[in-house]
Amino acid sequence: MSQRTATPAATAGELLTAYRPGDSFFSTASGALHGTGALTTLDRLDALPEALAHVGNGAVAMGAAPFDADRPAHLVIPKTLRRSPSPTRAPKSEHRWNTLAGRWGFTSVPEPAEHVATVERTVELMAKDAELRKVVLARCLQGESTEDIDVATVLSNLLWRDPTAFVFAVDLPRHGTGTRTLIGASPELLVAKRGRHVLSNPLAGSAPRSADPTKDQRHAVGLLTSTKDRHEHALVVEAVAEALSPYCHDLSVPDEPELIKTATMWHLSTRISGELTVPDVPVHQLAAELYPTPAVCGTPTDRAFDTIGKLEPFDRGFYTGAVGHTDTAGDGEWVVTIRCADVADRTLKLYAGGGVMPESDPEAELAETSAKLRTLLLALGVDGAL
């Protein structure tokens, strides 16, 4: 049993032309992967090294792990793997927006007013409990189209808007017929490993983009100087550095965050890098140590996780888990599963959340989730469904 490596594609768009339901796709600024078929399917990250070794040198596994690490992951070693160069190097003719067939209807869970009330309740909880410093609360938009959702077209639109994002599609388990796919365009690198070198790029603290350049710059400066957002960001950086420290020497943690932007959002960003003390620690093991970070759960993690379970009226599933790939050398990339949707035939669930702090403004937290939902809504050709 071995994984077949097909002839490299000229562009990521060429990979998406060949994409079919049930395939795996993962794109970064450095290149893209497309997996078809399944030599092996696994439900645990720690089972990957043995399975990859059995397949043979150079094999790659792709898949996702859920928010609740005690639940099964869904990981595949594809029968065939094909690669392409970075989407940023694609010809301009390939960068285009495509229209999806069908009309959409959406239901918000919870309703916006209820989300605001839940944020208010969470701020009250923190006022009574100083140890609970941050809780990330999410919203879900449940959508239904009059036509089957063309995943490849959604992925193409996500790449068109932001070719540097981590654009992904992985097959998920489903009872009955049809396919179920986790898709998205995450801006947040959980962890990447190549040889001894490790990199993590936590994001926390966000502001919406604006089509007006003056307003857009004002939002960026406001985020960079926001005491609330910088505090929120520092909690995440501290947790990531603490998790990586036992595995690394010469861990580099910048003192100040930077601004990065996507097509819809500004984020505070810190790039944490280091050298592994033991080079054969696989990247998915590091990912398992890191997630869920305070960026998608809260601080302290256990208390925030329990609070989320009590307050959110839906099951997150794979949202705010991890999605990525690992090879036989233990190298690869895993990203935080945000700006994502769970798609099945004509239905999907879109997710977005925000970090609630003691000083949070509930209406501002609602607006942040709405801005984040636009990443997928725009790729669907829908806006104003919030």
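This is a predicted model: local features need pLDDT of at least 70, side-chain atom pairs count only at pLDDT 80 or more; totals for chains, interfaces and linings use all residues.
**Entry 1**

I began with the strand order. The model has an open sheet of 9 strands, and I read the order as β4-β6-β5-β20-β21-β12-β13-β18-β15, with antiparallel pairing. I then asked which strands stand at the edges. They are β4 and β15 (248–252), and each has a single partner strand, so one side of each is left without a neighbour in the sheet.

Next I went to β6, which covers residues 74–77. I noted where its side chains point. His74 and Val76 point one way, whereas Leu75 and Ile77 point the other way. All four of these residues are buried.

I checked the pairing on each side of β6. Strand β4 (residues 40–42) pairs with β6 in the antiparallel sense, over 3 bridges. Here I found Leu42 with Leu75 of β6 as its bridge partner. Strand β5 (residues 60–65) is also antiparallel to β6, again with 3 bridges. In β6, Val76 has Met62 standing opposite.

**Entry 1: strands β20 and β21**

Further along the sheet order, I looked at β20 and β21. How many bridges join β20 to strand β21? I found 5, and the two strands run antiparallel. Strand β21 spans residues 332–336. Its Gly332 has Thr326 standing opposite.

**Entry 2: a helix pair**

I turned to helices α6 (residues 227–244) and α7 (residues 283–290). Two packed helices are described by the angle between their axes and the distance between the axes. For this pair I noted an angle of about 135 degrees, with the axes 9 Å apart. That makes α6 oblique to α7. I recorded the crossing of α6 and α7 as right-handed.

**Entry 3: aromatic pairs**

I counted the ring pairs: the structure holds 5 aromatic pairs. A pair of aromatic rings is described by the distance of the centres and the angle of the planes. I followed up pairs that include Tyr351.

One of them is Phe314 with Tyr351. The ring centres of Phe314 and Tyr351 are 5.8 Å apart and the planes are at 45 degrees, so I wrote this pair down as tilted. Phe314 is in the loop between α8 (301–311) and β20 (322–327), while Tyr351 is in strand β23 (residues 347–356). The pair links distant parts of the chain, 37 residues apart.

Another is Tyr319 with Tyr351. I asked why this pair counts as stacked. The centres of the Tyr319 and Tyr351 rings are 5.0 Å apart and their planes are at 10 degrees, so the pair is stacked; the cut-off for stacked is under 30 degrees. Tyr319 also lies in the loop between α8 and β20, so its pairing with Tyr351 in β23 ties together parts 32 residues apart in sequence.

I checked burial for each member. Phe314 is buried. Tyr319 counts as buried at 3% relative accessibility, and Tyr351 is buried with a relative accessible area of 6%.

**Entry 4: charges over rings**

Last, I looked for charged side chains over rings. Arg209 lies over the face of Trp266, 4.9 Å from the ring centre. Arg316 has its charged end over the ring of Phe67, at 4.5 Å from the centre.

How values were computed: Residues are numbered from 1 along each chain as its sequence is written. Side-chain values use heavy atoms; hydrogens and water are left out. Rings of Phe, Tyr and Trp (its six-membered ring) pair if their centres lie within 6.5 Å; planes under 30 degrees apart count as stacked, over 60 as edge-to-face and the rest as tilted. Helices (H or I, at least four residues) and strands (E, at least two) are DSSP runs, numbered from the N terminus. Buried means under 20% relative accessible area, exposed over 50%, partly exposed in between (1.4 Å probe, protein chains only). A charge sits over a ring if NZ of Lys or CZ of Arg is within 6 Å of the ring centre and within 35 degrees of the ring normal. Two strands pair if DSSP finds at least two bridges between them. Axes are lines fitted to C-alpha atoms, for helices over the stretch in contact, and angles run from 0 to 180 degrees between N-to-C directions. Angles under 35 degrees count as roughly parallel, over 145 as roughly antiparallel, 65 to 115 as roughly perpendicular and the rest as oblique. A crossing is left-handed if the near helix is turned anticlockwise from the far one by less than a right angle, and right-handed if clockwise.
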